[in-house]
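Please keep the sequence and the structure in view while reading.

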Amino acid sequence: MRKLFAVMALSLLAANVMAAVSPDEAAKLGTTLTPVGAEKAGNADGSIPAWTGGIPKNAGAVDSKGFLADPFASEKPLFVITAATVDKYKDKLSDGQVAMFKRYPETYKIPVYPTHRTVNLPPEIYESIKRSALNVKPINDGNGLENFTGNRYYAFPIPKNGVEVLWNHITRYHGGNLRRIITQATPQTNGSYTPIRFEEEVAVPQLIPDMDPAKAANVLTFFKQSVTAPARLAGNVLLVHETLDQVKEPRLAWIYNAGQRRVRRAPQVAYDGPGTASDGLRTSDNFDMFSGAPDRYDWKLVGKKEMYIPYNSYKLDQPTLKYDDIIKAGHINQDLTRYELHRVWEVVGTVKPSERHIYAKRHMYIDEDSWQVALVDHYDGRGQLWRVAEGHAQFYYNHQTPAYTVETLYDIIAGRYLALGMKNEEKSSFVFGFNAKAADYTPAALRAEGVR
């Protein structure tokens, strides 16, 4: 009998661990917590203000190409962290940021500005978040999601562990269907580089009117990427079906190779497979700071802390800038960056003993207001700090969408880096809400994309 009670107790405990949050807990969303699950209150000394609804949709002017005016253009840095002063602030910096000061003591700096909690999502997204809190449950050891239906955003707004925090980044709101033209650079140590130009689309199944619901039941997003420059790479097209449970159904990917004029499956576009045209400087799952399946790591939730993270990076996105103004030897032009003090979720991913990945550990810091990954320190198999990622974020107030302006990934051993997402010289900023068709996200459509 005692054995039976023990089994029942363990079963109840397991059910409780795997359950969505209670209605009482979900009621905190929009009251003591923001609608996305951040702490609404500011910090004790006021250096992080209370969230009061974010900034409005008309916070600044929008030019004819869709680029946003900087609503904080008149502000000056409160202070600038340099190699000479970094020890004073290191408790609010990642180990990777501190390492950047040691690697580039003459040029790397962190200008710290007043903190603005700008995130303000559409009402229907807030409704979706509360529905997620009440219904979504992790399955397959946290590597898949159950009851994640309808508008699929922010699976665990009140997370209980590290993988749930990571899922909020993976399932965050991107503004619906998104189209963008961006440039990637992988400079040599002297700063010379060849721009790589991408045309990309991200579409969500629930916003594709002719999508067969059965075919998209386990799909989170469709992603298509065409390389348009330089000429030696132009015409190559990548298609990805990002699945919700990649243990049950791995990410599906295909590549159209313009030289071979054929479409083939691309299982290497996952985990630590090489990123597109990245010169070996990023992995597939470095894209979007982290993307894909979380199943190769054990994710430990350390807690929350206050850190200086890239934020409200409007200056870095101005169309008056050239890419040469941004790309410099060693790192991007830090005079164009903006850092603010924000609360972040601290999560450490360690490769499982039964798995492999070139990054043995990932130390991640995730912004509480947007659930975007802000900083990541990557360690190799020897436990040595290897690559340092910074997500320079801005809030697209006209579309109520947080996104990255530039993602940087610094190899502090090799002295090289990758910068992804620049669009300053392109014909338009992001295009939100385009009309997507199901036929555009099939392998058969890739050949047409490559020869257009």
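How far apart are the mean positions of the positive and negative charges of the protein? The protein has 54 positive and 50 negative charges, and their mean positions are 3 Å apart. In this count Lys and Arg are positive and Asp and Glu negative, while His and the chain ends are not counted. The place of a charge is taken as NZ of Lys, CZ of Arg, CG of Asp or CD of Glu.

The model is predicted: local features need pLDDT of at least 70 and side-chain atom pairs count only at pLDDT 80 or more, whereas totals for chains, interfaces and linings use all residues. Residues are numbered from 1 along each chain as its sequence is written, and side-chain values use heavy atoms, with hydrogens and water left out.

The protein contains eight helices and 18 strands. Helices (H or I, at least four residues) and strands (E, at least two) are DSSP runs, numbered from the N terminus. The radius of gyration of the protein is 22 Å, close to the 22 Å that the globule rule gives for 452 residues, so the protein is as compact as a globular protein of that length. This radius is taken over C-alpha atoms, and the globule rule is 2.2 Å times the number of residues to the power 0.38. Along the principal axes, the C-alpha atoms fill a box of roughly 75 × 60 × 50 Å.

Of the 452 residues, 58% count as buried. Buried means under 20% relative accessible area, exposed over 50%, and partly exposed in between (1.4 Å probe, protein chains only). The protein exposes about 18800 Å², of which carbon and sulfur atoms supply 54%. Accessible areas come from the Shrake-Rupley method with a 1.4 Å probe, and for residues only the protein chains shown count as cover. Among the contacts with a separation of 6 or more, residues 24 or more positions apart account for 66%; contact means heavy atoms within 4.5 Å.

Two strands pair if DSSP finds at least two bridges between them. Strand β5 (residues 178–185) is joined to β6 by seven bridges, and the two run antiparallel. In this pairing Arg 180 stands opposite Glu 200 in β6. Six of the eight residues of strand β6 (residues 196–203) are buried, so β6 is largely enclosed by the rest of the structure. Seven bridges also join β6 to strand β7 (residues 219–229), again in the antiparallel sense, and here Val 202 stands opposite Phe 223 in β7.

The loop between β6 and β7 holds Pro 205. This residue counts as buried, because its relative accessibility is 9%. Leaving aside neighbours within four places in sequence, Pro 205 is in contact with Met 211, Ala 216, Val 219, Leu 220, Thr 221 and Phe 222.

From β7 the series continues to β8 through seven bridges in an antiparallel arrangement, with Gln 225 opposite Leu 238 in β8. Strand β8 (residues 237–243) is mostly covered, as seven of its seven residues are buried. Val 237, Leu 239, His 241 and Thr 243 point one way from β8, whereas Leu 238, Val 240 and Glu 242 point the other way, and all are buried.

Strand β9 (residues 252–257) pairs with β8 over five bridges, in the antiparallel sense. Leu 238 has Ile 255 in β9 as its bridge partner. Five of the six residues of β9 are buried, and the strand is mostly covered. Four bridges join β9 to strand β10 (residues 262–265), and these strands run antiparallel; the bridge partner of Trp 254 is Arg 265 in β10. β9 and β10 form a hairpin with four residues between them, and Arg 261 in the turn has a positive phi of about 55 degrees.

Two residues later in the sequence complete the tour. Is His 392, with a relative accessibility of 0%, buried or exposed? His 392 lies in strand β15 (residues 385–396) and counts as buried, because its relative accessibility is 0%. Beyond its neighbours within four places in sequence, His 392 has contacts that include Pro 310, Ile 332, Tyr 339 and Tyr 404. Ala 439, by comparison, lies in the loop between β18 (431–432) and α8 (446–450) and is exposed, with a relative accessible area of 51%. Its C-alpha atom is separated by 41 Å from that of Asp 380, 59 residues apart along the chain.
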